[in-house]
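Me: Could you walk me through how to read the side-chain features in this structure? I would like the general idea each time, and then the case at hand.

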Amino acid sequence: MGSKSKEQFKSVITVITIFGVISLLGDMVYESARSANSQYFNLLGINAAQVGLIFGIGEFLGYFLRLIAGILSDKSGKHWLFIFIGYGMLIAVPLMGLTMNWDILVILILAERIGKSLRNPAKDTILSAVAENQVGTGFAFGLQEALDQIGAFTGPLIFTLVFYFTAENGVAQYQLGYKLLLIPFIALMFFVTFAYFKTERENLIPSIKRKEFYTENLRPTFWIYTAFTFFCTLGFVNFSVIGYHLKANNLLSDGNITLLYSCAMIVDAITALVIGRAYDQMKKKAKTKTGGLLVLIAVPFITLLIPFLTLSTSTTMIIIGMIIFGIVIGTHETIMRSAIADITPFNKRGTSYGVFNACYGLALLGGAALMGFLYDLNKLGIIKMFTCITEMIAILLYFKMSQMTKSGQ
């Protein structure tokens, strides 16, 4: 490797790490809130159906609007504009500590999710472009997810520490926790600015500046892959339901609920590093860009276990279930995003991330809303049956996808 290549390699690693720090700080802000929102709304007298519906709508908007954001970022080439606006909208989270008005809280929840929809296709496009010819997309997304989940672990601890030092867990304590999230938000915006100037100065993605939006069709494999992800996610039990279950049945204290979520995020981080590396190695061994898709076969099988464990009344089973929850999230955030870069052309990548995430969000909306509704009716058996059916469909789609990748479709 020549000196110029070494310098470029170092620059690539630096940019990927910066993106990881950005994700870390972003997760400190919004995952912290997500670990506490269900319990906070319970204190405000909001029922599980309302919580499930709003979270579902928020998740849907956070993913569906990525379709529009992805297409627009591809057409305009202004990826960084979408990134700055999207991360800037995280200010909605600290503002949640200033109100108990449900209507305003709904607006803030949805604003935070919309911000994520604006930034993610552009961010993933830039990250994949920087990484794919240097270190591999599995490594890049794995490292980002690992740092991301360090933030997801430390963020909820802000609430845990507030509960510990005040020896209370009332509305005032939750609001203080939200307000403290202003600190990582300010640091986040600094690193986004730093990443922009570093990437532009090193000219690591010059093609973005001169590329045009192409109208070529996405491969059939992409659509089957998206359907596979849809059904995997549709049957995935969201933490909004799990957290509500733990609070409503007094199975764990408020502090321990947020701590449990933090531990699941550490499992997520470890999973991301391991599976991201395995994904790249499998591609090298198979000598094809789609060779790493084999690792996805485990996802629907382990997702099947989550409702049986996390919606039980056994603390041991709940903890095991949350470990599996972390493994599934780590795989979703690493391999499922890496694979998009490997099955779609760069000039269509923002669009493909948008389409993929719109379907992902639709699955989250349907799953969260339905499971929240069924939980209010005390239909835990139907929730478990629903998960089994959706994951079995995902398994069938996986084998269809595997056949198509072998035939080069």
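Me: Is Tyr 196 buried, partly exposed or exposed, and what are the cut-offs?
Reply: Buried means under 20% relative accessible area, exposed means over 50%, and partly exposed is in between (1.4 Å probe, protein chains only). Tyr 196 has a relative accessible area of 27%, so the residue is partly exposed. Trp 80, with a relative accessible area of 8%, is buried. A word on the source: this is a predicted model, where local features need pLDDT of at least 70 and side-chain atom pairs count only at pLDDT 80 or more, while totals for chains, interfaces and linings use all residues. Residues are numbered from 1 along each chain as its sequence is written, and side-chain values use heavy atoms, with hydrogens and water left out.

Me: How many aromatic pairs are there?
Reply: Rings of Phe, Tyr and Trp (its six-membered ring) pair if their centres lie within 6.5 Å; planes under 30 degrees apart are stacked, over 60 edge-to-face, and the rest tilted. That rule gives 25 aromatic pairs. For Trp 80 and Tyr 196 the ring centres are 5.5 Å apart and the planes at 75 degrees, so this pair is edge-to-face. The pair links distant parts of the chain, 116 residues apart: Trp 80 is in helix H3 (residues 79-88) and Tyr 196 in helix H8 (residues 182-202). Helices here are DSSP runs (H or I, at least four residues), numbered from the N terminus.

Me: Which charged end sits over the ring of Tyr 87?
Reply: A charge sits over a ring if NZ of Lys or CZ of Arg is within 6 Å of the ring centre and within 35 degrees of the ring normal. Over Tyr 87 it is the charged end of Arg 119, 4.5 Å from the ring centre. Arg 113 is placed over the ring of Tyr 30, with 5.0 Å to the centre.

Me: Which residues have the most contacts inside the largest nonpolar core?
Reply: A nonpolar core is a set of buried Ala, Val, Leu, Ile, Met, Phe, Trp, Tyr and Cys residues joined through side-chain atoms within 4.5 Å. The largest has 83 residues, and Phe 41, Tyr 225, Phe 228 and Leu 296 have the most contacts inside it. Helix H1 (residues 3-43) gives the most to this core, with 15 residues. A second, separate core has 31 residues, including Val 237 and Met 265.

Me: What does Asn 37 touch?
Reply: Contact means heavy atoms within 4.5 Å. Leaving out residues up to four places away in sequence, Asn 37 touches Phe 55, Met 96 and Tyr 178. Asn 37 lies in helix H1 and is buried, at 4% relative accessible area.

Methods: Helix = DSSP H or I, 4+ residues; strand = E, 2+ residues; numbered from the N terminus.
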